[in-house]
Each structure stands twice: as structure tokens, then as C-alpha cells.
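Subject: Structure handover

Hi,

Here is the structure I promised to pass on. Please open it next to this email and follow along.

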Amino acid sequence: MDPRPLIHLLLHALVPLAIARLFFGKRWKTAWLWLLAGWLIDIDHLWADPIYVADRCSIGFHPLHRAPAIAVYALLLLPRRTRVLAIGLLTHIGLDALDCVWMRSC
């Protein structure tokens with residue numbers, strides 16, 4: 001069994017946890033939840049057929065994983081009220097991009 005998909009999912013939880021613990025002090029639990037909300041963009045996987053393919057690169061394939069959407073996530077960094085969510089969204093995209101690189105190198 002290929003461990004990559006499981007490691008990928010674990011990273012989607014653990015990297016936001018590390019960011020929250022490192023940068024948000026006593027508010028780390030709330031920050032972690034907001035960072036995990038970045039996972040909501042995976043709703044676009046439901047529009048794909050089939051919904052899940054272990055060796056499919058999400059970046060550029062799913063609508064919420066394309067450049068225009070990523071630009072919106074970057075713009076969400078500007079208002080203070082949306083900054084933590086934006087970090088979660090961009091972290092999610094970064095981890096998905098890392099997974100794409102990992103898939104190509106295997």
C-alpha cells in the first residue's frame with residue numbers, strides 16, 4: 001500500500017496545527033480550527049468523476065485549486081478578519097502542490 005495519500009491527509013491536519021501552535025499563542029485552538037477550514041475547498045472534489053483518485057493532482061484540475069481561486073485566497077490575506085482563513089487556504093494549496101511534486105517523483 002502506498003503511504004503517500006495517508007501522509008498527505010495527516011499533513012493537512014498537522015501542518016495547520018504546527019502553524020497555530022507556533023504563531024497564535026493562547027489562541028492556537030481557535031486558529032487551528034480556522035486553518036483547518038482551508039480543507040473546505042476540497043468540496044470541489046465532489047464535482048469530479050470519479051470523486052477521488054489517489055494519483056490525481058488537485059492543482060489546476062479542481063476549480064477551487066486553480067490560479068484564479070488561489071489569487072482570491074492570497075487577497076484574503078489583506079483584511080485582518082480573513083487572514084487566518086487565508087493562511088489555511090494557502091497552506092492547503094501548498095500541501096496539495098507538494099503532493100503533486102511527490103506523485104511525479106515516484
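Below is what was found, from the whole chain down to single residues.

**Overall fold**

First, a caution: this is a predicted model. The protein chain has 4 helices and 0 strands. Read from the N terminus, the order is therefore simply α-α-α-α.

How does the radius of gyration fit with a compact globule? A compact globule of 106 residues would come out near 13 Å, and the protein chain has 14 Å, so the two agree. The C-alpha trace spans about 40 × 30 × 25 Å along its principal axes.

In the protein chain, 54% of them join residues 24 or more positions apart.

**Inside**

Of the 106 residues in the protein chain, 33% are buried. In soluble globular proteins, nonpolar side chains tend to be buried together. Which residues form the largest nonpolar core here? There are 6: I19, A20, F24, A31, L35 and V84. Two helices, α1 (4–23) and α2 (28–36), each supply at least two residues of this core.

Find A31 in your viewer. Leaving out residues up to four places away in sequence, A31 touches A20, F24 and V84.

There is also a second, separate core of 5 residues. Among them are I41, A69, Y73 and L89.

**A charged residue to check**

Next, go to D99. You will find D99 in helix α4 (residues 83–105). Is D99 buried or exposed? D99 counts as buried because its relative accessibility is 8%, and the cut-off for buried is under 20%. Apart from neighbours within four places in sequence, D99 is in contact with R4 and H8.

**Outside**

The accessible surface of the protein chain comes to about 7000 Å². Carbon and sulfur atoms hold 72% of that surface.

One part of the surface deserves a look. I43, L46, W47, I51 and Y52 make a nonpolar surface patch of about 600 Å². Take L46 from this patch. L46 lies in the loop between α2 and α3 (67–75). Its relative accessible area is 52%, so L46 is exposed; the cut-off for exposed is over 50%.

**To try yourself**

- the largest nonpolar core, with I19, A20, F24, A31, L35 and V84
- D99 with its contacts R4 and H8
- the nonpolar surface patch of I43, L46, W47, I51 and Y52

Best wishes

Definitions and conventions
Residues numbered from 1 in each chain as written. Predicted model: local features only at pLDDT ≥ 70, side-chain atom pairs only at ≥ 80, totals over all residues. Heavy atoms only, no water. Core = buried A, V, L, I, M, F, W, Y, C linked by side-chain atoms within 4.5 Å. Buried < 20%, exposed > 50% of the residue type's maximum accessible area, 1.4 Å probe, protein only. Contact = heavy atoms within 4.5 Å. Patch = residues over 30% accessible without salt bridge, like charges linked within 9 Å, V, L, I, M, F, W, Y side chains within 5 Å. Areas by Shrake-Rupley, 256 points an atom, 1.4 Å probe, with all protein chains shown as cover. Salt bridge = Lys/Arg side-chain N within 4 Å of Asp/Glu carboxyl O. Rg over C-alpha atoms; globule rule 2.2 N^0.38 Å.
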